[in-house]
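Reader: Before we discuss the packing and the contacts, could you show me the model?

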Amino acid sequence: MRKNLNVIAAYSIMMILILMVGIFQSWNIALSIFNLCLISAVMTMGANIQWGYAGLINFGIMGYTALGGLAAVLISVDPVQEAWRAGGFDILMCLWLIIVMVLVIRFILKNFEKSKLRTYSIAALIITGIIIIRVTAEPGIEKIEAVNPATTGFLGGFGLPIIFSWIVGALFAGGLAFIVGKVALGLRADYLAIATLLISEIVIAIIKHEDWLTRGVKNVIGLKRPAPYEVDLQTTDWFINLVEKFNSGKLSVIDNLADRQAALNQLVIEGSSVFVKLCYSGLFLVVVIILLILTQKALYSPWGRMMRAIRDNEEAANAMGKNVVKQHLLIFILGSAIVGIAGAMLVTQDGLFTPGSYRPMRYTFLIWVMVIVGGSGNNFGAILGGFVVWFLWIEAAPISMFLINFFTAGIPETNAIKAHLIESVPYFRFLLMGLGLLFIMRYRPKGILPEKIEIK
Amino acid sequence: MDFVNAIILLLNYIFIPALTYGSQLALGAIFVTLIYGILRFANFATGDMMSFGTMATILFTWYFQSLGVSLGVLPTALLAIPFGIILMILYMLLIDKFVFKYYRHQKSPPVQFAMVSIGVMFVTQAVVRIIIGPSDRRFFDGEKFIIKAREFKEMTGLNEGLALKSTQVITIFVTIVLVSLLFWFLNRTKTGKSMKAYSDNEDLALLSGIDPKKIVLVTWVIAGILATIGGVLYGLDKSFKPFTYFNNMLPIFAAAIVGGIGNPFGAFLGGYVIAFSEILLTYAYKKFFIYILPESMEPNSLVQLLSTDYKFAVSFSILVIVLIYRPSGIFKGKVL
């Protein structure tokens, strides 16, 4: 118990902070912060597996998040029959062509000696392949995008419950990580960082501009929910009764029957959105707890010890007969898959998929701040990092607003500098994050909750 | 005549824009490569440092404009650049003193430096946005075109017009001057040579009495000059928006690595490699083929290898390919 005191203390403080937001601002804000904290926690767990367990640097988190989001769209949206009839055949042909191309390249790689001729012929094959694929796909894509472009204009998905996409998102992200890992994992750390960052940008470019698959920057809205809709709740009897019961004290003060009914309606509207958010919190909490148990088990298993050995001394681990390349690839895939789950969860919560909103600041670098601040190598630390950093990211604006007003209290409202500062309040969050990261790296390089390895 | 038209078309839509964009990238790439070669880390704050320098220059430009000072046909920003550079260098030295110096003395691994530079990136972004705001700004004044497309058509009687913007000429001219000065400095002066020695082998350089503090100082000064001028040229040619500058970091990294990181000349060429391949691969050649092919063979489609949406993706793919097959870059930089 004693040795876990700092963990318990840190989490209690975090919970109190969120509760304070609930009491002083509103429960709606508190819950939406809490939900995004949970999603961030899943992302940090993924990054932490790669960085903390194995020392692999992955700046491509944004790409895996977006793939998870794409999975949510492809799973939950109903298929657009008309689009399939119009261009489905061309698209399937293309898929075949890609598979054939990959197989041919594999065949060449396997059966011919390494030579200049081989390299050039593979390059020529890829270029002609791309041209052929473009020529085959072009008419199909045009037809698909012409099908009712205001609402569909894409192939749609499978029409399954969106929850399944959490698993599919993990598979997508893991698949991409397999390719990236095969290609890039041999690079030195900072090159790996740049390579993964750029590959994630390529992924985003594809998701943004292949309208037939994702609707691109036109966004997909109104995804199905795993939770009830507010509008339905507001007309359901048991929910209204529940709200009445909860607020009976408040309501009994009002004498006028009409006023009481109006107050109740207001409470029901507020309550319904809180209830929906609570549903999401429950779902996300389940995911976080399952992942936490799995990652903790993995950390203290022989496999976890091997990963740490590889991280701390690659050559020695190699000499002991551990397959470093294979383990690196495995952990790269596992971590990315977890990030993919988080991506699907994020889209599930928002109910919309906006490829334009995937930006490296928010989805890659912020997650890294979380991992570093929380404590790399420690799962509890990573989750805490997700909570703390997301909380500050949201609450930075009110905090800095308060500070600005506090320090410039004597200056009149019309002062140009004060007005300018108040106008630029949203950007103080970047300052806060940057300073936080720099201070933690300087004075507590292992994070708030440092990695702790017990030898039992 | 058709042949000349085709050449003019390529000049107008591919060669000149690519040369301009390449010059802007090249300056940034030399900045990245110098920091990497001498201070030994990948600076993720590159784009934001450039936007800081540009912001400083814009502030001085506004000041000069309010005073009524101008350079006539040339943009006022050229007058403000030296002041912008001074602010930029001061900012960089401040950051170095409070942030990077500690890790340099600790001899931290490059990854840690990269992480720290992300912290610097956040802070710099905040500073720029707080001071000047995140919106799109144009600060170009003076004469916009040297040759207008219409005038060119009238002058030569060709179908295709050649438009030459003054920012393009300024960019290319300034880049040539700056880069030749830089190479002269690196190859001919004592300080430049000692910088090279320090980059090659730190311990040997220290043994032979090179002062590391001076090397670091000179590196930041050169970096400040490159970052500010590169940023201002980009801003003059297109526009200044902090977010775009952050994004520009990626092709700049690509240029530096393609050229062989740590090798300034490679970075210079890498800028053009990236710029030309981006534009060559995403240009629609339909009109070009209409000019040079006989009428019966004219293409129906756009004859475009990749849609322009994938401009960035092209440079990143080149980088990934180079990283995999030739990690030291096309022009041999530091071996990994």
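Reader: Which residues touch the most other members of the largest nonpolar core?

Author: A nonpolar core is a set of buried Ala, Val, Leu, Ile, Met, Phe, Trp, Tyr and Cys residues joined through C-beta atoms within 7 Å, and a residue is buried if 20 or more other C-beta atoms, placed from the backbone, lie within 10 Å of its own. This is a predicted model, in which local features need pLDDT of at least 70 and side-chain atom pairs count only at pLDDT 80 or more, while totals for chains, interfaces and linings use all residues. Residues are numbered from 1 along each chain as its sequence is written, and chains are lettered from A in the order in which they are written. Within the largest core, of 207 residues, the members that touch the most others are V42(A) and A254(B).

Reader: Which helix gives the most to this core?

Author: Helices here are DSSP runs of H or I, at least four residues long, numbered from the N terminus. With 16 residues, the one that gives the most is α2 (residues 27-53) of chain A.

Reader: Which element gives the largest share of the side of chain B that touches chain A?

Author: Counting two residues as in contact if their C-beta atoms, placed from the backbone, lie within 7 Å, the contact takes 36 residues from chain B and 31 residues from chain A. Elements giving two or more residues to the chain B side include α3 (77-106) and α10 (242-258). The largest share, 14 residues, comes from α4(B).

Methods. A residue is buried if 20 or more other C-beta atoms lie within 10 Å of its own, exposed if 12 or fewer, and partly exposed in between; C-beta atoms are placed from the backbone.
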